[in-house]
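Visitor: Please pick one part of this model and go through it closely. I would like the cut-offs stated along the way.

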Amino acid sequence: MLKLREEWEQLFREVRPRLLEEIAFAAAQGDRSENAEYIYGRKKLREIDKRLRELDEKISRSTVVEGRRKDDKIYIGARIRLKKKGGGEMTVQIVGNDEIDPVSGKISKDSPLGQALMGHDPKGSIKVQTPKGAQEYSIVSVEYS
């Protein structure tokens, strides 16, 4: 949710006001019907306003997840260290679709691995059907930060 709020703040406080100034300058140049800068600026402003409405909706529907749940299962926000059967360890964090960042290990709750982990005990192993075939992982640790 923090990432969504940061994007909203940047669009509303920085990008939108700067664009409004550009539109006002373009409008002052004369005939608006043939003024490409004015037309483009208005189009861009509509796109920004649409994105701001989308962000408002997502932020208002979001829930902050803190700490471990009482049923001691894996949920969104969990950082899980996994050991792949046959070697290799990796750490992933289950996030919502707006926060996905595979490079930093943030995977979607809707991904094959995310679905296998969601609601699972923080111990044991899981089997995941991936595009590369079936994979088996042992859960080494689960943390909530």
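**Strand pairing and side-chain contacts**

Guide: Leu82 has Met90 in β2 as its bridge partner. The model is predicted, so local features are reported only at pLDDT of at least 70 and side-chain atom pairs only at pLDDT 80 or more, while totals for chains, interfaces and linings use all residues. Numbering starts from 1 along each chain as its sequence is written, and side-chain values rest on heavy atoms, with hydrogens and water left out.

Strands here are DSSP runs of E with at least two residues, helices are runs of H or I with at least four residues, and both are numbered from the N terminus. Two strands are called paired if DSSP finds at least two bridges between them. By that rule, β1 and strand β2 (residues 89-95) run antiparallel and are joined by five bridges. Arg81 is another residue with a place in this pairing, standing opposite Thr91 in β2. The hairpin of β1 and β2 has four residues between the strands, and Gly86 there takes a positive phi near 95°.

Strand β1 (residues 78-84) also pairs with strand β5 (residues 133-144), again antiparallel, through seven bridges. In that pairing Lys83 stands opposite Ser138 in β5. As background, side chains in a regular strand alternate between the two faces of the sheet. Strand β2 in turn is joined by three bridges to strand β3 (residues 106-108), and these two run parallel.

Arg81 forms a salt bridge with Glu89, with 3.3 Å between the closest N and O atoms; the term means a side-chain nitrogen of Lys or Arg within 4 Å of a carboxyl oxygen of Asp or Glu. Both partners are partly exposed, Arg81 at 35% relative accessibility and Glu89 at 49%. On this scale buried is under 20% relative accessible area, exposed is over 50% and partly exposed lies in between, using a 1.4 Å probe and protein chains only.

The structure holds nine salt bridges. One of them joins the side chains of Lys109 and Asp110, at 3.3 Å from N to O. Lys109 is partly exposed at 29%, and Asp110 is partly exposed at 40%. Elsewhere, salt bridges with shared partners join Glu7, Arg51 and Glu54 into one network. Arg51 is partly exposed at 23%, as is Glu54 at 32%.

Asn35 lies in the loop between α1 (2-27) and α2 (36-61), and Asn35 is buried, at 9% relative accessible area. A polar atom of the Asn35 side chain is 3.2 Å from the backbone nitrogen of Tyr38. Leaving aside residues up to four places away in sequence, Asn35 touches Ala26 and Gln29, where contact means heavy atoms within 4.5 Å.

Methods. A polar contact is a pair of N or O atoms within 3.5 Å; within protein, one must be able to donate a hydrogen and the other to accept it, and residues adjacent in sequence count only if both atoms are side-chain atoms.
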